[in-house]
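Please keep the sequence and the 3D view at hand while reading.

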Amino acid sequence: MRHRTALRWIVCAALAGILATSPAWAAAPSPKYGGVLNAMHREDPPSLSLIEEATVSVNWGVAPCYNNLVVFDPVKSQESPQSIIGDLAEKWEWRDGGKTLAFALRRGVHWHDGHPFTSADVKYTFDLIREAPGMSVKLRLNPRKLWYAQVQAIDTPDPSMVLFRLKRPQPSLLMMMASGYSPIYPAHIPPAELRTRCVGTGPFKLREYRPGELIEFVRNPDYFVKGRPYLDGIRFIIIKERGTRIAALQAGRLDIMMPQEGTKPAGEQLKQAVPSMIVTIAAHNINDNILVNFKRPPFTDVRVRRALSLAIDRQAYIQAVRQGAALAGASLLPRPWGLWGLGPSALAGLPGTGNPVTQKAEARQLLAEAGFGPGKPLRVVMSTRALATYVDMATFVIDQLKQVGVDATLEQIESAVWFAKLTRGDYQLGANLTGIGADDPDAAFYENYACGSQRNYSQYCNPEVDRMIDAQSQEPDPQKRAATVAEIQRRLETDGARPILGWDLDYFAMWPYVHGFVPHNSVYNNGRFQDVWLSK
Amino acid sequence: MSQVDAVAASAPAAALIRRRPGGARVFARRSPLGAIGAFLMLVVILAGLAAPVVATHDPTRTDATQTFTPPGPRHWLGTDHLGRDIYSRLVHGARVSLAVGIACALLGGLGGGAVGLVSGLAGRRVDTVVQPLLDIMQGFPLLVLALVMTAALGPSLGTVIVAISVPFIPRVARVVRAVALGVRETTYVEAARAIGAGGARVALRHVLPNTVAPLVVMTTAQLGSAILVEASLSFLGLGIPEPYPSWGRMLSVSATEFAQRAPWLVIFPGLAISLVVFASNLFGDGLRDYLDPRLRI
Amino acid sequence: MRTFVVHRLGLAAVTLAGMSIVIFVLLRLAPGNIVDLLFSAAGYVDPAEKQRIVHELLLDRPIAVQYVQWAGALLHGDLGKSYRYGLPAAQLIGPRVPVTVELAVMGMVVAILVGLPTGIVSATRQNTATDYGLRIFSLAGLSMPAFWLGMLIILLLVRVTGWIPPMLYVPVRENFGLHVLQFLFPALAVGYRSAALINRMTRSSMLEVLREDYVRTGRAKGLGGRVVVYRHALRNALLPVVTVVGTEFAFLIGGLVVTETVFNLPGVARFLVEAILWRDYPVVQNLVMLIAIVVVLSNLAVDLLYARLDPRVRYA
């Protein structure tokens with residue numbers, strides 16, 4: 001008897017000791033169920049079809065409806081192969097020396113309309129994107145077909161197993177499948193229908209889309225992750241006017257900001273007005289860059305191109321145009337925010353990063369060699385869309401070019417016409433933003449820098465760089481791969497393929513009663529809200 | 001309702017207007033507010049013309065070290081998010097905004113005047129063709145027509161001017177036509193015709209002098225409307241394009257976003273627009289009182 | 001009288017038809033169409049797919065054919081489908097019309113409540129300090145950009161009170177008080193300008209009438225000043241004001257467009273602007289025709305009203 005009482009006392013004391021000394025237990029509030037999250041949204045998504053679009057306005061606003069095979073862990077801000085967790089896939093492994101990727105899928109998952117989810121849906125989705133031969137259905141828009149160019153065939157030995165057979169190894173495939181742009185579509189619904197409604201397997205069902213007003217979701221009671229989601233619903237409230245958006249967040253009409261909307265002044269102002277507001281600094285994985293028309297004189301001359309890149313002081317750009325809330329970098333998100341990008345020390349020596357005075361002098365000299373000077377100034381037109389971000393960028397660049405004697409003027413192009421001009425090659429310089437769907441060289445390089453790629457607007461073409469891109473894509477040794485990727489980035493900058501001015505930072509703000517949301521270093525991949533809860 | 005429509009709505013169907021004696025001095029005495037308006041406008045116009053001299057900085061020079069500075073000795077009205085001096089941008093913007101406003105007002109006035117004269121004097125057949133055309137153009141609300149035209153013609157300085165002027169033409173034409181018709185019916189003109197005076201002579205000697213007053217009043221009203229419409233177009237993204245500095249664009253691009261941090265970004269361009277339109281309205285009022293009280297609104 | 005009405009109706013029909021052609025052609029003059037915009041959002045172009053969508057939307061047919069097809073459908077009440085959203089245009093436009101109408105009405109109410117009394121006061125106290133003050137106040141209302149005023153209101157609200165009106169439309173049935181609050185501030189922004197116009201119109205009409213002989217006669221007969229003012233002068237001065245109010249609705253559109261944008265109201269005016277930017281031809285055309293019908297009909301109503309009251313006009 002006495003032993004048992006003593007034992008009980010010991011156990012109680014031990015428990016009390018653990019409870020008292022464990023800060024995590026004491027601090028972490030436990031999630032509450034219920035409530036509707038009011039999320040900021042800046043515009044109508046061009047359509048509700050995630051796979052067909054290429055703007056964050058779709059990821060943020062439609063992602064709660066879907067699931068991927070794999071996702072980046074929502075609670076980890078840096079996305080990496082180590083942070084990939086299963087979504088619809090339970091387990092996966094590489095086979096055949098990296099040429100086959102096998103997924104074991106969850107069982108008992110259903111689409112929002114009740115149909116069962118099987119491996120046929122996975123095969124259908126990726127066959128659709130890669131435009132596999134024999135597919136009778138076609139997407140209207142297909143911006144990321146290149147991502148799956150190495151997929152030879154997709155086998156489904158049983159309803160819970162999918163095998164991706166590749167032409168050659170591609171370690172990046174998993175990273176791209178984890179991107180917010182890689183949801184699984186239902187095979188039993190035509191893709192055209194998914195432009196106006198949403199049928200997924202995700203934690204939330206689309207309740208209503210009122211164009212220009214809101215996108216409303218309600219919780220999916222049959223979601224395959226038991227106990228999720230916590231929220232009863234999400235309302236993405238569309239507010240077109242930027243000042244009004246910030247005011248709405250400040251006044252509590254909105255609970256959480258939209259990624260890419262957090263400029264430094266907005267974030268600071270919110271923090272000042274509402275000291276309890278949680279403001280986190282995160283990266284977008286979007287870079288500001290200049291498009292240089294390689295096919296049009298005088299930019300056919302490599303000296304002129306180099307002079308251009310030398311003339312633009314990157315640090316000044318970051319200070320002047322982004323109020324310091326941006327990172328200098330090359331073509332991949334710079335470390336330590338990203339995995340592959342050249343960090344500050346590695347960037348030294350690349351055009352635009354050194355002493356601005358000497359670099360501008362060098363630029364003037366190069367221009368003189370190319371035949372331009374005070375008597376015969378180089379005249380260029382910089383084209384830009386009418387949006388504030390682009391105009392500010394262009395204004396700054398023109399100012400910098402003026403300082404090396406280039407007579408640059410700004411040309412404003414309406415959005416409806418901008419893109420046609422780009423693809424026709426009817427421009428000299430253009431202000432541009434490039435977003436990268438996953439922090440991976442394959443996602444960035446093929447689209448933007450490979451010879452003949454549709455999104456390679458400058459028409460930059462360097463066969464040696466193409467070879468290096470292919471080499472790193474199938475390189476199994478991570479260190480060798482990193483070295484090649486670093487070399488590619490250096491090459492692209494020295495070639496002036498697409499002078500990168502900076503990688504923007506987000507001052508992401510949300511009210512303190514919003515829990516479970518960790519901003520990622522990418523605006524595209526964290527929009528599911530599966531683990532988000534409200535404490536009010 | 002635009003100022004222009006208000007003026008047009010109140011113009012009498014047949015107005016024979018007597019010319020008022022005296023010049024600027026009488027004007028100032030009769031309408032002190034109008035004189036103030038004229039003076040203000042003159043100041044702004046001169047500032048705009050002398051912009052390179054009056055401005056303190058280069059309006060396009062960005063300066064990373066001077067972003068968001070409040071109004072002070074170095075930057076009289078502060079700087080914006082790119083470090084550009086607001087005062088200098090306002091002064092240079094005055095050129096563009098005023099030039100566009102005046103061009104639109106003149107184009108609308110002259111165009112409308114010409115159309116109205118032709119319609120009123122050239123006989124029934126021409127009138128029956130022109131009238132429905134005017135009705136069609138006037139059926140579109142001013143801003144809507146300007147919007148669609150700017151979208152149709154593409155954003156350039158020229159197209160914005162045309163897009164804002166065109167909606168004015170029918171409104172002016174209507175008033176001028178009414179005056180022309182009224183004058184044509186008077187016995188005075190009939191007598192002139194009887195002795196063989198040609199149509200052009202009638203127009204020049206009898207009709208034109210009487211249309212001057214309402215035309216002048218409408219043109220000054222149009223100046224204010226044009227500046228406001230341009231500002232709205234800029235706010236919606238379709239106004240005077242870069243690189244021309246424009247007050248309307250200063251208000252729309254980034255100003256509202258940074259407004260709480262730097263209120264001077266929103267206050268000063270808005271004040272500038274309001275002040276110029278206010279002055280032109282004052283001047284227009286005074287002018288109308290001076291020329292003919294019956295057109296008073 | 002009947003021939004006059006018929007004549008006017010005929011003119012109205014011709015005007016509307018002409019307006020439909022103008023808007024149709026103007027839209028197609030604009031460079032770029034919906035297909036360009038759809039692809040630009042995705043960042044690349046597939047020429048075959050582009051051709052297919054253009055064909056599907058009938059954009060490759062000759063303009064005259066497209067016009068006849070649209071006009072015919074419109075006369076049957078078919079408003080077509082939005083290019084941008086893929087939804088029926090009627091479904092998109094329908095719920096937005098009451099919002100804009102309500103904002104316009106509330107704006108007019110504000111305008112009358114503010115403009116009329118101040119106009120009367122200004123007229124009866126002509127050339128005093130009050131008169132000058134009110135005239136400057138109303139002139140300021142005509143001089144301010146409507147969106148600037150709206151933006152200032154929102155910024156002041158959030159800065160001073162930490163509160164702004166709801167960003168999502170609150171239906172009357174859901175919460176009457178909040179609904180009124182949501183429309184109050186934009187109505188103030190929109191109504192200030194109209195109030196200024198009504199103020200000026202009232203003032204000048206009253207001044208004219210106050211000078212007329214019969215008012216002098218009334219005074220000579222010994223009637224008190226106030227009686228003279230309110231009974232005789234006001235009634236006569238109101239006629240032009242009523243005309244202005246009647247036609248004012250259509251011309252409010254400019255202020256409505258920017259106010260709806262700033263205050264995030266889901267109205268038809270703001271929707272029109274976005275449709276123009278997106279080259280959403282069916283929506284733009286049908287909305288503009290809707291506005292045109294309202295304008296032309298209200299002008300017609302005013303003309304008919306005048307004709308009834310003033311015989312001279314009928315035979316003009």
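Between chain A and chain B there are 2 salt bridges, a salt bridge being a side-chain nitrogen of Lys or Arg within 4 Å of a carboxyl oxygen of Asp or Glu. One of these links A:Asp399 with B:Arg61, whose closest N and O atoms are 3.1 Å apart. On the side of chain A that touches chain B, helix 12 (388-402) is among the elements that supply at least two residues, and helix 12 gives the most, with 7 residues; helices here are DSSP runs of H or I with at least four residues, and strands are runs of E with at least two, numbered from the N terminus.

This is a predicted model, in which local features need pLDDT of at least 70 and side-chain atom pairs count only at pLDDT 80 or more, while totals for chains, interfaces and linings use all residues. Residues are numbered from 1 along each chain as its sequence is written, chains are lettered from A and ligands numbered from 1 in the order in which they are written, and side-chain values use heavy atoms, with hydrogens and water left out.

Taken as a whole, the interface brings 25 residues of chain A into contact with 24 residues of chain B, where contact means heavy atoms within 4.5 Å. The two chains bury about 2200 Å² between them, 52% of it on carbon and sulfur atoms; buried area is the accessible area (1.4 Å probe) that two parts lose on being put together, summed over both.

The structure also holds 2 disulfides over all chains, a disulfide being a pair of cysteine sulfur atoms within 2.5 Å.

| Disulfide | S to S distance |
|---|---|
| A:Cys65 to A:Cys198 | 1.8 Å |
| A:Cys451 to A:Cys461 | 2.0 Å |

The torsion about the S-S bond of A:Cys65 and A:Cys198 is about -115 degrees, so this disulfide is left-handed, whereas the link of A:Cys451 and A:Cys461, with 100 degrees, is right-handed. A:Cys451 and A:Cys461 both lie in the loop between helix 14 (441-449) and helix 15 (463-473) of chain A, so the pair ties together parts that are 10 residues apart in sequence.

A:Cys65 is buried, with a relative accessible area of 0%, and A:Cys198 is buried at 10%, while A:Cys451 is partly exposed at 27% and A:Cys461 is partly exposed at 45%. Here buried means under 20% relative accessible area, exposed over 50% and partly exposed in between (1.4 Å probe, protein chains only).
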